[in-house]
Amino acid sequence: MYDLYIANKNYSSWSLRPWVLMRERKIAFREHSVPFGDASAWQSYRKISPAGTVPCLVDGDTVVWDSLAIAEYLAERHQGVWPADAGARAWARSAAAEMHSGFGELRNRCSMSCGIRMRLHDIPPVLERDIARLNALWNDGLRRFGGPYLAGAEFSAADAFYAPVAFRIQTYGLKADTAAMAYVQRLLGTAAMREWYADALKETLRDQPHEVEIGAVGQVLEDLRAT
Ligand SMILES: N[C@@H](CCC(=O)N[C@@H](CS)C(=O)NCC(=O)O)C(=O)O
């Protein structure tokens, strides 16, 4: 049985990636939550992850402390983490790697907060560029492999890496074309995403650095989180 260490479901986009992947691929794991904003828990967590970051997967003596490394570790043990077809697999790996190392403006300006709805003060050209690239990438995958997921019929790690973007699009009211928005709804409608979202809304712990960061980029229209 794997142990997966994650942070607050409302904020932790990196944690969501392996969590949603394992849930959708039906890979069993024990979930350990180490929330932001709780200093003592965070100190104890640093003993588990050498980088002091989440997510972190522990499998017996093996510790895997990065979301992309976790996807690859799981792919060595479970079918379907990446597509079976070599061409689709190469595309899916490229798409996941592009999210891992790119989309800086989208990730920084529109930080994940599942339970709120925001209006951004402005959408600068760099953010427009990230959204246009997202739109093109998703359309390419959906057309090339026939959907309904990015690299074909099955939910793969490529979808897991874009799952946090679906929450960001919902939170910030970002717009893409019809096919891309339908894909966002498909991701939000998966059993795993619905479970994550429901858990995120129940969280009452607020992490001030995240709250300040989000408050600076726009106006909060609605806060659906439990108080
Ligand atoms: N490259 C890492 C990044 C993980 C990451 O930055 N996680 C954030 C949480 S969403 C974190 O642990 N931040 C705490 C810190 O940096 O002290 C991955 O993909 O897993």
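Predicted model: local features only at pLDDT ≥ 70, side-chain atom pairs only at ≥ 80, totals over all residues.
**Cis peptide bonds**

Start with the prolines. Val54 and Pro55 are joined by a cis peptide bond, with omega at about 5 degrees. If you want to find that spot on the fold, look at the loop that runs between α2 (39–46) and β3 (56–59), as that is where Pro55 sits.

Pro148 belongs to the loop between α6 (125–145) and α7 (157–172).

**Positive phi values**

Lys26 is not a glycine, yet its phi is positive, at about 55 degrees. Buried or exposed, what is Lys26? With a relative accessible area of 76%, Lys26 counts as exposed, because the cut-off for that label is over 50%.

Phe103 is another non-glycine residue with a positive phi, near 55 degrees. You'll find Phe103 in the loop between α4 (86–101) and α5 (104–109). Its relative accessibility is 5%, so Phe103 is buried, given that buried means under 20%.

Here are the angles side by side:

| Site | Backbone angle |
|---|---|
| Val54–Pro55 | omega about 5 degrees |
| Lys26 | phi about 55 degrees |
| Phe103 | phi near 55 degrees |

Terms used
Residues numbered from 1 in each chain as written. Heavy atoms only, no water. Helix = DSSP H or I, 4+ residues; strand = E, 2+ residues; numbered from the N terminus. Buried < 20%, exposed > 50% of the residue type's maximum accessible area, 1.4 Å probe, protein only.
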